[in-house]
Amino acid sequence: MRSSVPRLVIAAPASGSGKTTVATGLMAAFAARGLAVSPHKVGPDYIDPGYHALATGRTGRNLDAYLCGPELIAPLFLHGARGCDLAVVEGVMGLYDGAAGEGELASTAHVAKLLGAPVVLVVDASSQSRSVAALVHGFASWDPGVRVGGVILNKVGSDRHEELLREALDSAGVPVLGALRRAQQVDTPSRHLGLVPVAERGSAAVEAVAAMAAQVSAGCDMAALEALARAAGPVPGGSAPWTPASSALHPTRSAGRRGQGGPEPSAGKPTPVVAVAGGPAFTFSYAEHTELLAAAGADVVTFDPLRDEQLPEGTAGLVIGGGFPEVYAGELAANEPLRKAVAELALGGAPVAAECAGLLYLCRELDGQPMCGVLDATARMTQRLTLGYREAVAVGDSVLAVAGTRMRGHEFHRTVVEPGAGAAPAWGVRAPVRRVEGFVQQGVHASYLHTHWAAEPGVARRFVERCRTS
């Protein structure tokens, strides 16, 4: 794998500037020109990568320096970009916004520096003209380690408006690589947790991505953007690509420091079937999770809790990630055969790993609708958004970790589970306040926290070994 893959980071001064539209449009436009494009997203967001995958035909991957650690960013990037001609990385929030109280950690600027990638700044120009030069100059000069290689002006009102903006930016020393007019057809619908995922929109999502590609192709200097990407040079540090196989065999980052070890892979033992929830209600899972499960020896099979009335044949373990079960509570409740199958599997002691949406699905009920009843808890929607990174420690042993294992996670939901923790909690959480949360019972580990298993590959190894022996 060459470490000099051409690459661009698409950033903005603030959220709402049009990063997703530009990044997704660029990915699709480059792909339409015959390039194999590797799509990436800074931070924990799981919705944008779905649009990226639709634009490129490749798996959208996250690059989160908080969840995975800065040392894994380049290896994970090279893993995702293997065999590609060019990579596009969509940033998160404003260019310099990172984990609260952690300086630049996990910001778009931080990831751009870790990758040695030029930044294209997307600026919402709808309410400014000459002031845009001061804005761009400030962002381009704030951190000498960040190379802002160009600007794409978004929401430009008219030819005259564009002319004024370009005149102002002549003095900023940053080239204008595109100017995009306001376009209703590229808008993507939002709801309580952001954009509606691709899996729920069908042909409408395909049309939206095509409109993004057309707008970007027409309004941007694609040749200049490709040239900027190809000028990136080698990824700093001589990193080798991350591989799930080597990670599955490697001691975890906690080993020897924080008590996490986990069973060693068992050569020659049966291959357990691990069922992973998918479909419109459960759209979120980092790609590396299933890759690590497979590398640890599992046969990973996806099922849809909205439509499948039984778990995959031979299921020995179950992984239920994030998504929107609150949107589909009625349909999930109506699939009584599957709810009973999940309950029987869990109550029989099989390993079950559930994150956020999975936690809700395992409760007795969600917004008054019956769920699987594995956990003696109820869930409901609220108006309050819970959002942020978390530092967590495993309170006791579970199918994912031994007591004392430290991991970093992310919460993003508008629901509440009552009680918030079982007699054996999943995690002790330090931020924003010290608390325990989640449930560990028999083989079940259920929590609101989304974690990235590449940071602790022993999690997948331990889970698969428990599937073999349960």
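Analyst: Alanine 106 sits in the loop between β4 (86–90) and α4 (108–115). The model is predicted, with local features needing pLDDT of at least 70 and side-chain atom pairs counted only at pLDDT 80 or more, while totals for chains, interfaces and linings use all residues. Residues are numbered from 1 along each chain as its sequence is written, and side-chain values use heavy atoms, leaving out hydrogens and water. Elements are DSSP runs numbered from the N terminus: helices are H or I with at least four residues, strands are E with at least two.

The phi of alanine 106 is near 70°, a positive value in a residue other than glycine. Alanine 106 has a relative accessibility of 3% and therefore counts as buried (under 20% relative accessible area; exposed is over 50% and partly exposed lies in between, with a 1.4 Å probe and protein chains only).

Glutamine 442 also has a positive phi in a residue other than glycine, here near 50°. Its loop runs between β20 (439–441) and β21 (444–447). The relative accessible area of glutamine 442 is 55%, so this residue is exposed.

Glutamate 418 and proline 419 are joined by a cis peptide bond, with omega about -5°; proline 419 lies in the loop between β17 (406–418) and β18 (427–429). Glycine 373 is in the loop between β15 (369–370) and β16 (378–394). With a relative accessible area of 35%, glycine 373 is partly exposed. Leaving aside residues up to four places away in sequence, glycine 373 touches Leu362, Cys363 and Arg364, where contact means heavy atoms within 4.5 Å. From glycine 373 to valine 276 there are 97 residues in sequence and 19 Å in space, C-alpha to C-alpha.

Proline 39, by contrast, belongs to a strand, β2 (residues 37–42). Its relative accessible area is 0%, so proline 39 is buried. With residues up to four places away in sequence not counted, proline 39 touches Met27, His52, Thr56, Arg58, Thr59, Gly60, Arg61 and Val88. Alanine 55 is 16 residues away from proline 39 in sequence and 8.6 Å away in space, C-alpha to C-alpha.

Two packed helices are described by the angle between their axes and the distance between the axes. Axes are lines fitted to C-alpha atoms, for helices over the stretch in contact, and angles run from 0 to 180 degrees between N-to-C directions. Helix α2 (residues 48–56) and α8 cross at roughly 70°, and their axes come within 10 Å. That makes α2 roughly perpendicular to α8 (65 to 115 degrees; under 35 counts as roughly parallel, over 145 as roughly antiparallel, and the rest as oblique). Tyr51, Leu54 and Ala55 of α2 make the contact with Ala205, Val206 and Val209 of α8. By class, the residues of this contact are six nonpolar, no polar and no charged; Ala, Val, Leu, Ile, Met, Phe, Trp, Tyr, Cys and Pro count as nonpolar, Asp, Glu, Lys and Arg as charged, and the others, Gly among them, as polar.

Helix α8 (residues 203–219) has 17 residues and reaches 24 Å from its first C-alpha to its last, close to the expected 24 Å at 1.5 Å a residue. The expected span is 1.5 Å times one less than the number of residues. Buried residues in α8 include Ala205 and Val209.

Helix α1 (residues 19–32) and helix α9 (residues 222–230) pack at about 95°, with axes 12 Å apart. That makes α1 roughly perpendicular to α9. Leu26, Ala29 and Phe30 in α1 meet Met222, Leu225 and Glu226 in α9, and the residues of that contact divide into five nonpolar, no polar and one charged.

Helix α5 (residues 131–141) packs on helix α6 (residues 159–169) at an angle of about 45°, their axes being 8 Å apart. That makes α5 oblique to α6. Val132, Ala133 and Val136 in α5 meet Leu165, Ala168 and Leu169 in α6; the contact has six nonpolar, no polar and no charged residues.

Helix α15 (residues 458–469) is mostly covered, with 10 of its 12 residues buried. Among them are Arg461, Arg462, Glu465 and Arg468.
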